[in-house]
Amino acid sequence: MAHNYYQQTGGEEQVFLAECNLLENYGHQVYRYILNNDQIETTPPLELLGKTIWNRDVYREMRSLIQQHHIQIVHFHNTFPLISPAAYYAAKAEGAGVVQTFHNYRLLCPNALFLRDGKICEDCLGKAIPWQGIEHNCYRGSKSASAAVVTMLTTHRLLQTWNRQVDAYIALTDFARDKFIQGGLSPEKVFVKPNFVDLDPGVGEGKGGYALFVGRLSVEKGIDVLLDAWAQIGTKIPLKILGDGLLASEVSKATKNLPGIEWLGRRPMDDVYALMQNAQFLIFPSKWYEGLPRTLIESFACGTPVIAANLGAMSSFVTPYETGLHFQPGNSDDLVTQVEWAIAHPELLSNMRHKARTDFEVKYTPENNYWQMLDIYRLAIGERSI
């Protein structure tokens with residue numbers, strides 16, 4: 001299992017570790033190959049560009065690791081930027097099956113989110129050279145950094161790396177699968193397997209009398225929509241915000257100026273689960289398509305309905321009036337309408353709790369996930385046993 005850690009850890013790291021542990025629990029021998037983006041700060045720009053396109057050190061290390069341990073499958077979560085696509089070639093050269101999970105849309109969009117200026121943008125989808133990513137400074141707000149990403153994407157599209165060197169891709173939702181096929185991947189190689197929750201938090205009663213947001217405090221997560229909505233909702237139902245990020249100062253300011261908002265910062269998972277179990281509902285106002293956030297699955301595991309933007313993964317994950325509610329993406333007024341509807345219908349909200357928990361038990365348990373993953377692995381290596 002291979003993963004390039006981000007500078008700010010999040011859901012991808014949790015999924016990576018959970019899947020490693022899941023395979024070990026079922027008796028498989030798992031080796032973890034990890035690089036960390038903290039190294040970026042001390043790497044000269046030209047050297048970083050070279051490693052982003054083809055990291056020779058990783059290529060050698062990966063081949064050696066596969067030879068030494070007779071590895072059958074190399075499952076990648078994130079290769080950007082330090083692991084690089086060179087690792088695919090190393091695995092294939094040693095006869096190992098190659099699997100890549102898509103947690104975002106990096107293969108199709110330089111900033112990985114299909115989001116620009118707070119709105120959905122698909123300008124680069126399906127383009128051999130996603131030059132508009134450079135024009136709009138889509139990666140880290142930098143033209144040079146964006147050019148590095150575009151160069152990597154263009155190079156490996158020309159080499160046909162994505163279709164020739166990877167045996168199976170894992171998309172987290174049908175929506176994501178369709179996007180990657182639209183972007184040029186072979187349909188027969190893209191499979192759908194959702195994330196899961198490895199430790200069942202158990203069902204709560206939702207009697208805390210508050211709404212809850214859990215996640216990164218950033219533009220793409222729709223924090224501005226959330227705060228605008230609570231400027232209208234006020235104390236009709238208190239809002240508790242869990243998380244940290246670039247917009248922390250705005251959230252802190254809102255807690256002082258708007259009644260009914262409490263910011264709790266980062267908390268241990270036990271605290272997060274306790275707050276989820278007692279929340280009347282979770283708010284998920286994200287502005288980008290999302291992969292399949294563990295936060296949503298954890299909420300269902302707790303029996304907590306979700307009021308989510310009707311966009312991307314959230315559209316299919318939440319079934320309106322059964323496991324939660326939808327609101328128009330980016331529309332704080334519509335979010336207010338849905339919150340007020342939920343407050344006014346406590347009996348229906350109670351029914352949603354049961355259906356959300358049932359959805360979790362049917363779709364998002366470790367057991368179900370293991371067998372789905374094993375099927376994909378078998379397809380990736382053909383008829384060889386694992």
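So, is Cys302 buried or exposed? Cys302 is buried, with a relative accessible area of 0%. Buried here means under 20% relative accessible area, exposed means over 50%, and partly exposed is in between, using a 1.4 Å probe and protein chains only.

Quick housekeeping before I go on. This is a predicted model, where local features need pLDDT of at least 70 and side-chain atom pairs count only at pLDDT 80 or more, while totals for chains, interfaces and linings use all residues. Residues are numbered from 1 along each chain as its sequence is written, and side-chain values use heavy atoms, with hydrogens and water left out.

Now the rings. There are 20 aromatic pairs in the structure. For the cut-offs, rings of Phe, Tyr and Trp (its six-membered ring) pair if their centres lie within 6.5 Å; planes under 30 degrees apart are stacked, over 60 edge-to-face, and the rest tilted. One of these pairs is Tyr105 with Trp288, edge-to-face, 6.3 Å centre to centre and 90° between the planes. This pair links distant parts of the chain, 183 residues apart: Tyr105 is in the loop between β4 (97-101) and β5 (115-116), and Trp288 is in the loop between β12 (281-284) and α12 (294-301). By the way, helices (H or I, at least four residues) and strands (E, at least two) are DSSP runs, numbered from the N terminus. Tyr105 and Trp288 are both buried.

Then look at Phe114 and Tyr289, again an edge-to-face pair, 5.8 Å between centres with a plane angle of 70°. That pair also links distant parts of the chain, 175 residues apart, with Phe114 in the loop between β4 and β5 and Tyr289 in the loop between β12 and α12. And which residues do ring pairs link into a cluster? Phe102, Tyr105, Phe114, Tyr169, Phe175, Phe180, Trp288 and Tyr289.

You'll find His70 in the loop between α3 (56-69) and β3. While we're on backbone, the peptide bond from Phe80 to Pro81 is cis, with omega near -5°, and Pro81 is in the loop between β3 (73-78) and α4 (86-93).

Last stop, His326, in strand β14 (residues 324-327). His326 counts as buried, at 14% relative accessibility. Its side chain makes polar contacts (N or O atoms within 3.5 Å; within protein, one must be able to donate a hydrogen and the other to accept it, and residues adjacent in sequence count only if both atoms are side-chain atoms). The His326 side chain reaches the backbone oxygen of Met314 at 3.3 Å and that of Ser315 at 3.5 Å. Leaving aside neighbours within four places in sequence, the residues in contact with His326 (heavy atoms within 4.5 Å) include Ala308, Asn310, Val318 and Gln338.
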